[in-house]
Amino acid sequence: MITAEKNLKSTLKEYFGFSEFKDNQEKIIQSVLAGKDTFVIMPTGGGKSLCYQLPALMSEGTALVVSPLIALMKNQVDLVRGYSQNESVAHFLNSSLTRAQSTKVKQDVVSGVTKLLYVAPETLNKPDNRRFFEKINLSFVAVDEAHCISEWGHDFRPEYRKIKQTIKSLGENVPIIALTATATPKVREDIKKNLDLNNPNIFLSSFNRPNLYYEVRPKGKKGNAERQIIQFLKQKEGKSGIIYVLTRRDTHEVAKLLNVNGIKAAPYNAGLESQVRADTQDAFLKEDIDVIVATIAFGMGIDKPDVRFVIHYSIPKSIENYYQETGRAGRDGLEGHCIAFYSYKDVQKLEKLMKDKPVAEREMNAQLLQEMIAYAETAICRRKFLLHYFGEDFDEENGPGAKLDDNSRYPKKEQESKEDLLKILKVVEESKEAHILKNIVRIVMGRKNQDIEDYQLNELKSFGSGAEQSETYWNSVIRQGILAGYITKSIQNFGVLKLTDAGRSFLKKPVSFKLVINHNFIQEEADQEKAFMESSKSGVLDQDLLKLLKDLRKKEAKKRELPPYVIFQDPSLEEMASQYPISSDEFANITGVSKGKAIKYGKKFSELIKEYVEENDIDRPQDFVMKSVVNKSGIKVFIIQNIDKKIPLEDIASEKGMKLEELLKEIETIVMSGTKLNIQYDIDQYLDEYQQEDIYDYFSESETGSLDEAYLEFEDEGITMNELQMMKIKFLSEVAN
Ligand code: ADP
Ligand code: MG
């Protein structure tokens with residue numbers, strides 16, 4: 001049923017225009033053409049589609065392609081059609097088609113022109129369709145995203161489990177090609193077993209992505225991760241990236257925060273209108289948007305080769321998810337920076353989300369999450385950890401991508417831990433190689449719980465043999481014992497620790513075992529917090545600079561015949577003398593300095609600061625200041641609009657539930673940051689012409705503009721604080737703007 005073998009390369013050129021095969025493609029295609037069951041494990045972007053598309057085009061009959069996402073089928077079909085003269089060469093059959101459309105599809109298949117028919121598993125398994133498929137000439141069945149068969153990963157699709165039954169009913173010996181980009185050894189077993197692959201040819205590509213840089217940072221208190229993200233994005237300005245968050249709400253909040261900070265970002269989640277989602281994807285591809293803030297809904301089928309960074313604002317629920325999401329960075333082989341923020345709070349959030357799931361699923365998810373936590377906390381080469389998870393060895397000294405992760409770049413000290421590994425191996429042996437990591441740690445530390453008592457593990461000789469060390473420490477010993485090949489985790493009984501041959505000989509004759517202690521993120525978060533507090537405190541007031549700034553203010557004021565405080569008030573100068581703002585953005589972030597004011601008066605001041613910083617070699621406490629979303633702009637707009645309408649200030653205040661005093665303070669801030677406001681209409685209600693003139697003159701001669709001083713001056717005339725404040729506002733509005 002398959003045409004004679006042609007020169008594959010020329011066929012590749014003819015059908016797809018490529019001159020070389022990638023990776024294992026050629027061997028895989030030969031295997032499919034030979035009618036063998038074939039199992040392909042190749043990372044995302046590796047070129048899996050071609051492995052079934054080319055043989056399908058070369059074979060008689062129609063290949064069925066089982067694919068989980070209806071949304072992506074059209075795209076796939078369009079791609080194949082793009083290479084062909086004939087629209088009918090590829091079709092999809094799923095619930096989105098009208099009756100007339102599916103009739104046309106079926107006609108094309110029967111007539112033999114259709115070489116590839118994409119179906120969802122539900123469509124394939126439907127009795128009606130099965131009867132149809134039985135009658136047609138099938139070349140082979142391709143099962144794409146085959147990991148959907150397994151519960152041990154992400155996106156498990158129960159319908160996938162019934163595929164094999166259906167395929168069998170379509171005829172004996174229909175060859176199967178299964179493809180996946182994510183398969184731990186456990187998932188691989190599941191796929192082989194479930195599809196009942198017949199002595200398959202297995203093609204396993206390396207999952208290593210040597211150009212990606214992996215990094216995990218403590219998330220810390222609210223605001224910390226955000227600040228780091230913005231700082232990072234400012235360095236990557238104009239480059240494309242994805243930020244993964246946990247909830248739909250987070251997509252909006254984080255995107256908004258980025259927008260406020262001048263970054264072109266948009267939210268993306270499954271709850272958005274499909275048109276909005278399509279537009280957002282489009283804008284990202286066209287680079288009108290640099291950063292997408294997404295839940296996991298984003299990325300499937302998105303193929304932007306130059307995504308430069310993938311940030312996990314919260315850790316994902318499994319390493320499979322993490323690896324697939326980070327895999328979207330640097331597909332063109334160039335830079336790809338992957339940062340994950342880790343906090344125990346997010347772990348608890350994920351656990352909460354699982355709470356309502358059935359027990360079995362919950363336990364499985366908990367174990368997947370445990371692996372993710374272990375990844376975050378590990379202090380060894382991250383690439384080695386990840387690849388080991390997918391069943392691959394990695395040489396952290398010379399392998400492709402060695403040293404491209406935070407742990408390798410900033411290594412922690414190693415320590416000799418021969419005796420402690422020995423303790424663990426003894427515990428594993430004595431407990432009959434029947435317990436999971438958590439319990440092994442319990443035993444060595446001598447901690448009882450129900451499990452321990454049920455199995456009488458507290459009676460083991462080694463119970464409590466390592467009570468003096470911490471849990472983090474024992475976790476490190478076990479994890480690294482696994483990586484060094486002394487212990488394995490059973491694939492069948494997920495999580496149960498067993499000794500390897502190397503482990504058994506270590507028990508007899510221990511050798512050196514070097515250990516790096518895992519990260520302790522609770523400690524690291526606290527340290528980071530402290531360092532930040534110190535650095536913002538190290539906004540210590542620089543008295544020398546403050547003096548220079550005051551001199552400059554005096555000079556500038558004189559030049560303009562204005563009192564100094566009209567230019568900048570003291571608190572603003574003090575902040576400048578501790579934050580050292582230089583750019584106009586930084587300047588505008590100083591309290592009491594608006595963009596307008598920064599432009600009008602800022603230049604001379606920033607020049608002075610810049611010179612001072614350079615001359616004195618000063619480390620500025622922060623390279624940028626993050627703007628937060630919560631500002632009072634709503635209230636400001638309200639105030640400005642109402643003053644324009646000449647609404648009495650008392651009324652504006654009571655409308656907003658403020659005291660008049662508070663309102664006046666707010667108005668002064670508005671005026672000081674560069675907006676002219678005319679409150680004459682209200683002043684006239686309180687003060688006569690002569691009083692107004694006196695107070696106005698006072699403020700134009702005052703050095704400080706202090707209301708308290710003014711009050712002393714006018715107390716005898718019965719002028720109130722509020723009235724003085726109003727006059728000050730009038731004065732400032734007229735001269736400072
Ligand atoms: P996967 O399904 O493994 O994630 P795809 O099949 O979508 O990957 O292929 C990824 C990209 O690689 C596509 O743009 C495809 O056109 C391209 N590609 C596949 N094979 C080759 C090849 N032999 N030469 C050049 N490009 C290829
Ligand atoms: Mg694919």
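Let's start with charge pairs: the count comes to 37 salt bridges in this predicted model. Take one of them. Lys547 pairs with Asp551, and their closest N and O atoms sit 3.6 Å apart. That falls inside the 4 Å cut-off for a salt bridge. Both residues belong to helix H24, which spans residues 543–560. They are four residues apart, about one turn of the helix.

Now the ligand. How many residues surround ligand 1? The shell has 14. The closest are Glu20, Gln25, Gly45, Lys48 and Ser49. By class, the shell divides into four nonpolar, six polar and four charged residues.

Next, the polar contacts. Ser49 puts a polar side-chain atom 2.5 Å from an oxygen atom of ligand 1. For Lys22, an N or O atom of the side chain is 3.2 Å from a ligand oxygen. Gly46 uses its backbone: a polar atom there is 3.4 Å from an oxygen atom of ligand 1. As for burial, ligand 1 taken alone exposes 570 Å². The protein buries 70% of that.

Last topic: confidence. The protein averages a pLDDT of 88. At least 70 is reached by 94% of the residues. Where is confidence highest, and where is it lowest? Helix H2, residues 25–33, is highest, at a mean of 97. Helix H23, residues 521–537, is lowest, at 68. Then there is the start of the chain. Over residues 1–5, the pLDDT is below 50. That stretch still has ten contacts in the model beyond near neighbours in sequence. A caution applies: where pLDDT is low, predicted coordinates should not be read in detail.

Terms used:
Residues numbered from 1 in each chain as written. Chains lettered and ligands numbered in written order. Predicted model: local features only at pLDDT ≥ 70, side-chain atom pairs only at ≥ 80, totals over all residues. Heavy atoms only, no water. Near = heavy atom within 4 Å. Polar contact = N/O pair within 3.5 Å; in protein donor to acceptor, adjacent residues only side chain to side chain. Areas by Shrake-Rupley, 256 points an atom, 1.4 Å probe, with all protein chains shown as cover. Nonpolar A, V, L, I, M, F, W, Y, C, P; charged D, E, K, R; others polar. pLDDT = per-residue confidence, 0-100. Helix = DSSP H or I, 4+ residues; strand = E, 2+ residues; numbered from the N terminus. Contact = heavy atoms within 4.5 Å. Salt bridge = Lys/Arg side-chain N within 4 Å of Asp/Glu carboxyl O.
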